[in-house]
Amino acid sequence: MATARSDAPETREFQAETRQLLDLMVHSVYSNKDSFLRELVSNSSDALDKLRLESLRDKDLDVDTDNLRITLTPGSDGDVRTLVVADNGIGMSREEVVDLIGTLAKSGTADLRRKLVEAKDAASSEALIGQFGIGFYSTFMVADKVVLVTRKAGESTGTRWESTGDGTYTLETVDDAPQGTSVTLTLKPADDEDHLHDYADPAQLRALVKRYSDFISWPIQLPGTPGEDQAVEWETLNSGKALWARPRDEVSDDEYAEFYRHVAHAWDAPLEVISVKAEGTFEYEALLFLPTQPPLDMFAPQGRGGIHLYVKRVFIMDDADLLPEYLRFVSGVVDAADLSLNVSREILQQDRQIRAIRRRLTKKVIATVGDLRAGRPDDYRTFWTAFGRVFKEGLVNDPDNREAILKASVFASTNADADDATGGLTTLADYLGRMKPGQEAIYYMTGESQQQIRNSPHLEAFTAKGVEVLTLADPVDEVWVDAVGEFDGHRFVSIAKGSVDLDAVGSDEDKAAAAEELAKQSAEYADLLSWLGEVLGEDITEARLSSRLTDSAACLVGDEFSMSPQLEKLYRASGQPVPHVKRALELNPAHPLVGALRSAVADEKARADLVPTAELLYGLALLAEGGDLKDPAGFAKTLADALGAQLGG
């Protein structure tokens, strides 16, 4: 037992959100309370990995690396039952204890509390708890009091942390704390109805370690009965076999699932297991996992990768850059045979072997996603819903694998017959198979949401002619279509930019008739188009007749290489100034408003009074594409005045 100094213990309060979260843990209705042990053992395993690595890198570090292990020591004193989970790993400083234990580092705690309360079943609760990374706090599901004693390797004093989960914790300095960390749980009474088992029972501990932590590489030991010489014989509970080194057919799905939860610090089950073994010039083994649910920090600016790097079974680092950023949701282990144990992150970035491993693993993951799409549509739908918009980042950032990523991806479409197995989405190959005679381009439209795109005036003529359009509503879609340019010889063409020649789709007779009709109408509407170009000159490049409208009066169309309204918004949201982008105003000559305006403009004396109508026409087109009005109040007044004049007249 560590001895405290004479200094009075310091009492601190948990952060408000952490305090409320602890209250949920203390009064938890979560059924799988056994998993607290997995969390503590996983933390201890990480601490031992880090100690061994530090001792290899810093030969002057004063640490004891003999008999590194994790111990589980149950105890009882009358009705009081305890469990001590201890390791002789890297330990923590006082500041680290406060940062890692006294506060909840992950954001979104308030949202977690709300979702936990709303969760209807144990599986939902488990997924939420794991998603928010609160493993240590799960101890309060099984313990009335938790005491943590730790000393960081190389430091002379340790820290004692204690809490009953009531909103406060105490801290004090201890002089003779052993290297590493011990967590002492004063256990709640066993209650089978509440799924609260007897965690001071050695048989229960053996079963839990075998189920959750058998693959941990460090010995997990339980004390036996002292012999005649009072020496304690320690029983090792886990096999310690590296799963990535075992043949696939010798490992059960449950073992893979528990290993995934260990390396990913997650609570869901893996969607797919990817095993790689390379022999020859570069020898390495890899065991990767596609998760079922996205990690909470997947879109964090500094979101970490989830690949643990080992060299000959020796842990090196837990966030090795072995997959590109667009595959940051993948977790797992890579064990290389020929790297130095002292390899640094900087060396990794330049190492030829690492680059080769990275290339092969990237191709393997993309191929696995493609196999899911082809053979397991339900699992693929789960993957795409969770990770599709991240996966598509590779279309921008990884030109070497762009074609493979495109083939493994699916996209929303206006086609009602898109493959229902992937949730109404379509592959590009299937899109090409449905193209109309004479159609050369892959048509698409981007926007803030599927609803906004599908209600856009730009789609009207395409819908009328049965021409399929990809409806792309993820932010990354704004970028990759320009970066990719084409697929299988067919250009990507935005239906909101340039002059879309739908008349090219159809028979030669239809094309000739449409061209003749457009030329005739352009001559008839020349005065109106010229006048609108002058009146709205600050906002539009020109006014012209449209071949893409059937129901709406007008729409705005950018130049072929101009920035879309959605991309403008993305840049502005990121704090980048964007100049005002003018677009062409296209008019539907068959719309009554446009026809009436043409007739009214013929009277030159009336044109001054028609300027508000022209501004309304532009504003309505801007709103229809999801744009922002420069002067919403002015637009509202002009509209109200126009309505009032109509009703009053």
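Colleague: Where in the chain is Gln15 placed?

Modeller: Gln15 lies in the loop between strand S1 (10-13) and helix H1 (16-26). Helices (H or I, at least four residues) and strands (E, at least two) are DSSP runs, numbered from the N terminus. This is a predicted model, where local features need pLDDT of at least 70 and side-chain atom pairs count only at pLDDT 80 or more, while totals for chains, interfaces and linings use all residues. Residues are numbered from 1 along each chain as its sequence is written, and side-chain values use heavy atoms, with hydrogens and water left out.

Colleague: Is Gln15 buried, exposed or partly exposed?

Modeller: Buried means under 20% relative accessible area, exposed over 50%, and partly exposed in between (1.4 Å probe, protein chains only). Gln15 has 42%, so it is partly exposed.

Colleague: How many residues separate Gln15 from Gly167 in sequence, and what is their C-alpha to C-alpha distance?

Modeller: Gln15 and Gly167 are 152 residues apart in sequence, yet their C-alpha atoms are 8.3 Å apart in space.

Colleague: Next, the backbone. What is phi of Asn67?

Modeller: Here is the general idea: most residues other than glycine have a negative phi. Asn67 is not a glycine, and still has a positive phi of about 55°. Find Asn67 in the loop between helix H2 (35-57) and strand S2 (70-77). Asp488, also not a glycine, has a positive phi near 55°. Asp488 sits in the loop between strand S19 (486-487) and strand S20 (490-494). With 60% relative accessibility, Asp488 counts as exposed.

Colleague: Now for charged pairs. How many salt bridges does the structure hold?

Modeller: A salt bridge is a side-chain nitrogen of Lys or Arg within 4 Å of a carboxyl oxygen of Asp or Glu. The structure holds 31 salt bridges. One of them joins Arg81 and Asp198, with the closest N and O atoms 3.0 Å apart. That pair links distant parts of the chain, 117 residues apart: Arg81 is in strand S3 (residues 80-87), and Asp198 is in the loop between strand S7 (180-187) and helix H6 (202-212).

Colleague: Which side chain meets that of Arg376 in a salt bridge?

Modeller: The side chain of Asp379 does, at 2.8 Å from N to O. Arg376, at 31% relative accessible area, is partly exposed, and Asp379, at 26%, is partly exposed as well. Glu542 and Arg544 form a salt bridge too, at 2.9 Å from N to O. Glu542 is partly exposed, because its relative accessible area is 35%.

Colleague: Which residues are linked in a network of salt bridges?

Modeller: Look for Arg38, Glu39, Glu258 and Arg261, which salt bridges link in a network.

Colleague: Let us finish with a helix. Which residues of helix H20 are buried?

Modeller: Helix H20 covers residues 592-601, and Val594, Gly595, Leu597 and Val601 are buried there. To read their arrangement, look down the axis of H20: the buried residues fall within an arc of 165° (taken from the directions from the helix axis to the C-beta atoms), so they line one face of the helix. Turn to the other side of H20, and you will find Pro592 and Ser599 exposed.
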